[in-house]
Amino acid sequence: MSTMHDRAASLRHEAAVEFLARALLAETDGRSLRGMEALAAIVMNRLRAARSPGGPTAWGNELGRVVAHDDVFPIGPRAPRDDEANAMAACRRIAARAAVGALPDPTRGATRWHHAGSVPAWADGHAPTLVVGSWIFYRVGA
């Protein structure tokens with residue numbers, strides 16, 4: 001029984017890492033390693049916050065639930081195009097490193113982000129922790 005449970009958990013983890021990698025690809029078009037790392041950090045920061053005592057429950061406390069939350073990656077995941085093999089490989093490496101806690105957090109604890117040129121209501125009154133290309137990162141609760 002334990003082996004089946006362990007295998008099921010491993011498959012869920014692998015699926016969540018792949019989902020994260022595809023979301024990173026969709027959001028960045030594979031053009032910015034720093035952007036990919038910062039977006040992956042957002043997911044891990046949310047996961048840490050959700051797992052802490054009294055943490056936000058809206059984000060979920062499993063990697064797959066956090067990645068799939070509707071305000072993390074508005075574009076959603078997508079499959080790589082034929083010409084994106086290298087970009088997808090980079091996204092998978094970053095997602096895998098993030099999922100095991102081996103990715104430094106360039107965002108200084110950010111839990112939300114938006115594109116430059118749009119300012120969502122939740123960003124009002126919050127100072128950015130990082131700007132990478134067109135992505136602006138903030139440390140904001142659920």
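Contact is defined here as heavy atoms within 4.5 Å. By that criterion, residues 24 or more positions apart account for 64% of the contacts in the protein with a separation of 6 or more. The structure is a predicted model, in which local features need pLDDT of at least 70, side-chain atom pairs count only at pLDDT 80 or more, and totals for chains, interfaces and linings use all residues. Residues are numbered from 1 along each chain as its sequence is written, and side-chain values use heavy atoms, with hydrogens and water left out.

Confidence is expressed as pLDDT, the predictor's score for each residue from 0 to 100. The protein averages a pLDDT of 89, and 98% of the residues score at least 70. Among the elements, the mean pLDDT is lowest in α3, at 84, and highest in α4, at 96.

Secondary structure was assigned from DSSP runs numbered from the N terminus, with helices (H or I) of at least four residues and strands (E) of at least two. Four helices and three strands result, and along the sequence they follow the pattern α-α-α-α-β-β-β. The radius of gyration, taken over C-alpha atoms, was compared with a globule rule of 2.2 Å times the number of residues to the power 0.38. The radius of gyration of the protein is 15 Å, close to the 14 Å that the rule gives for 142 residues, so the protein is as compact as a globular protein of that length. Along its principal axes, the C-alpha trace spans about 50 × 45 × 25 Å.

Burial was classified by relative accessible area, with buried meaning under 20%, exposed over 50% and partly exposed in between (1.4 Å probe, protein chains only). Of the 142 residues, 42% count as buried. A nonpolar core is a set of buried Ala, Val, Leu, Ile, Met, Phe, Trp, Tyr and Cys residues joined through side-chain atoms within 4.5 Å. In soluble globular proteins, nonpolar side chains tend to be buried together. The largest nonpolar core in this model holds 34 residues, of which Leu20, Leu24, Leu39, Val43, Leu63, Phe73 and Phe137 touch the most other members. Two or more residues are given to this core by each of α1 (2-28), α2 (33-51), α3 (63-68), α4 (85-99), β2 (128-132) and β3 (135-138). The contribution of α2 is the greatest, at eight residues. Apart from neighbours within four places in sequence, Leu20 is in contact with Val43, Val67, Phe73 and Ala95.

The three strands form an open sheet in the order β1-β3-β2, with antiparallel pairing. Two strands are taken to pair if DSSP finds at least two bridges between them. β1 (112-115) and β2 stand at the edges, each with a single partner strand, so one side of each is left without a neighbour in the sheet. Neighbouring strands are turned by 20 degrees against each other on average, direction ignored, as given by lines fitted to C-alpha atoms.

Four bridges join β1 to β3. Within this pairing, His114 has Ile136 of β3 as its bridge partner, while Arg112 is partnered by Tyr138. β2 is likewise joined to β3 by four bridges, and Pro128 has Tyr138 as its bridge partner in β3. The hairpin of β2 and β3 has two residues between the strands, and Gly133 takes a positive phi near 55 degrees there. Both faces of β3 are covered, with Trp135 and Phe137 buried on one side and Ile136 and Tyr138 buried on the other.

Several loop residues were also examined. Asp29, in the loop between α1 and α2, has a positive phi of about 55 degrees although it is not a glycine. Asp29 is partly exposed, with a relative accessible area of 34%. In the loop between α4 and β1, Arg108 also has a positive phi of about 55 degrees without being a glycine. Arg108 is exposed, at a relative accessible area of 55%. Thr111 lies in the loop between α4 and β1 and counts as buried at 7% relative accessibility. Leaving aside neighbours within four places in sequence, Thr111 is in contact with Ile42, Asn45, Arg46, Trp59, Tyr138, Arg139, Val140 and Gly141.

Notes. Axes fitted to C-alpha atoms, helices over the stretch in contact; angles between N-to-C directions.
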